[in-house]
Amino acid sequence: MIAHLVAVAREQILTITEDVFAAMIDGGGEVLVSERFEPVPDPVEPLSAWVDMTVAELGLGVRTIVRTERPAADELTRALLMMDASEPVGQEDLVDAFGELANVVGGNVKSLLAAPAVLSLPTVAQSAPELPEQQFLQDIALDWRGHVLVVSLWSLV
């Protein structure tokens, strides 16, 4: 049942991410995020942000997780908040900006679901809660300005 509800292809996640980064992060100019084909390195300073989409009438949900490392999240925060490149990033700004990125990506994924869903507020932490492997739906690794990000979708049943 969940596969029918969440028929979101990797290419759609890539397009969503390209559009979000071009509009929110990279100033509407050229697309600076691209699919990564090399292996994703183990993170040294991991950071995750996620939102949940709940289809109450079906008792189903989907989680969109954006994962990266702290230096990438700092750079994303500076870009989103139009901060100077040398300006230190505070924890509150980091949580707001990185959470908003997950919120916008997740909101765009929500628009692709086959049934109406409610989007949660974003959560930001060192890592997202572990989910059983059988709940994995889709992911895509991305390169952005020399940083690696991974966007993944998980079922919440």
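## Exercises on a predicted model

At 75% relative accessibility, Met 82 counts as exposed, where exposed stands for over 50% relative accessible area, buried for under 20% and partly exposed for the range in between (1.4 Å probe, protein chains only). The model is predicted, so that local features need pLDDT of at least 70 and side-chain atom pairs count only at pLDDT 80 or more, while totals for chains, interfaces and linings use all residues. Residues are numbered from 1 along each chain as its sequence is written, and side-chain values use heavy atoms, with hydrogens and water left out.

**Exercise 1. Describe the fold and the overall dimensions of the protein chain.**

Step 1: Begin with the elements, where helices (H or I, at least four residues) and strands (E, at least two) are DSSP runs numbered from the N terminus. The protein chain has four helices and seven strands, and from the N terminus on they run α-α-β-β-β-α-α-β-β-β-β.

Step 2: Turn to the dimensions, for which the C-alpha trace spans about 50 × 30 × 30 Å along its principal axes. A compact globule of 157 residues would have a radius of gyration near 15 Å, and the protein chain agrees with this because its own value is 15 Å. This radius is taken over C-alpha atoms, and the globule rule is 2.2 Å times the number of residues to the power 0.38.

Step 3: Among contacts (heavy atoms within 4.5 Å) between residues at least 6 apart in sequence, 67% join residues at least 24 apart.

**Exercise 2. What span should helix α2 have, and which of its residues are buried?**

Step 1: The buried residues of α2 are Ile 13, Leu 14, Ile 16, Thr 17, Val 20, Phe 21, Ala 22 and Ile 25. To read such a list, recall that an α-helix has 3.6 residues a turn, so residues three or four places apart point the same way.

Step 2: These buried residues pack against β1 (33–35), α3 (70–80), α4 (91–110), β6 (136–144) and β7 (147–155).

**Exercise 3. Where do Met 82 and Arg 145, two residues with a positive phi, lie?**

Step 1: Most residues other than glycine have a negative phi, and most peptide bonds are trans.

Step 2: Met 82, with a phi near 55°, lies in the loop between α3 and α4.

Step 3: Arg 145 has a phi of about 50° although it is not a glycine, and this residue lies in the loop between β6 and β7. Arg 145 is partly exposed, with a relative accessible area of 39%.

**Exercise 4. What is the volume of the largest pocket, and which element gives the most to its lining?**

Step 1: On a 1 Å grid over the protein atoms alone, a pocket is an open set of points where a 1.4 Å probe fits, with protein on both sides within 12 Å along at least five of seven lines, and lining residues have an atom within 4 Å of a point. The largest pocket has a volume of about 590 Å³, a volume being the space filled by probe spheres set on the points.

Step 2: Of the 28 residues that line this pocket, Pro 43, Ser 48, Ile 65, Arg 67 and Val 150 are the closest to its centre. β7 gives the most to the lining, with six residues.
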